Amino acid sequence: IMFVDFTLKITPELIIDAQGNEKKSLVGHLGTHFDVMNKEFPLEYLRLPSVIFNVHNKQEIQFNDIDFSQIKEGMFVGFATGFIENVGYGNKEYFTQHPQLSNELIEKLIAKRVAIIGIDCAGIRRGKEHTPIDQYCADHNVFVIENLCNLQTFLHSKDHMTCYINTYPVHYSDMTGLPCRVVAEV
């Protein structure tokens, strides 16, 4: 087994850039984190079977863009857009122009009862839709992890990969975001 870290490494420069371009980039929402909203992270979600889809160069990721038959209940479902590597974390473009999942795809993931949706950009929806969709997912026991990195390097030309993903959130209380470490077993 090889362990691969999908967590964004935080540096003082990244903190300055992020806080200058996104008001929520404080302790709970800086770097790789859960948008946990008003929920508690279940310990059963620490190690999950996962599928990561290669959706490079897609601006709006549709249901038809992935092989939905690979998704099972209780999984970590990741989306490798390549955006964090191409644009860099923390600048204005990163927070405002990132790819997003279509509402149909989000609804189908919730209906499938996945545990975690992970993405290598600032969120699964942009702008005014960001926070409400995170809350909607949390209300359905689906957590969103944002700002993953290195997903593309393990997909190469494949359309998806499966592995186990371990997620370790910081044990904060009453916060909308929880920093976390995300490590794949490949």
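These legends go with close-up views of a helix pair and a strand with its neighbours in a predicted model. In this model, local features need pLDDT of at least 70 and side-chain atom pairs count only at pLDDT 80 or more, while totals for chains, interfaces and linings use all residues. Residues are numbered from 1 along each chain as its sequence is written, and side-chain values use heavy atoms, with hydrogens and water left out.

**View 1. Helices α4 and α5 pack together.** Here α4 (residues 103-111) and α5 (residues 130-139) have axes 10 Å apart and an angle of about 15 degrees between them (axes are lines fitted to C-alpha atoms over the stretch in contact, and angles run from 0 to 180 degrees between N-to-C directions). That makes the two helices roughly parallel (angles under 35 degrees). Their crossing is right-handed.

**View 2. The residues where α4 meets α5.** From α4 come N103, I106, E107 and I110, and they meet I133, Y136 and C137 of α5 (contact means heavy atoms within 4.5 Å). Sorted by type, the contact has five nonpolar residues, one polar and one charged.

**View 3. Strand β8 is covered on both faces.** In β8 (residues 143-146), F143 and I145 sit on one side, with V144 and E146 on the other, and all are buried (under 20% relative accessible area, with a 1.4 Å probe and protein chains only).

**View 4. Strand β8 and its partners β2 and β7.** With β2 (residues 33-35), β8 pairs in the antiparallel sense over three bridges (pairing takes at least two DSSP bridges), and H33 stands opposite E146. With β7 (residues 116-119), β8 runs parallel, joined by three bridges, and I116 stands opposite F143.

Conventions:
Helix = DSSP H or I, 4+ residues; strand = E, 2+ residues; numbered from the N terminus. Parallel < 35°, antiparallel > 145°, perpendicular 65-115°, else oblique. Left-handed = near helix turned anticlockwise from the far one by under 90°. Nonpolar A, V, L, I, M, F, W, Y, C, P; charged D, E, K, R; others polar. Buried < 20%, exposed > 50% of the residue type's maximum accessible area, 1.4 Å probe, protein only.
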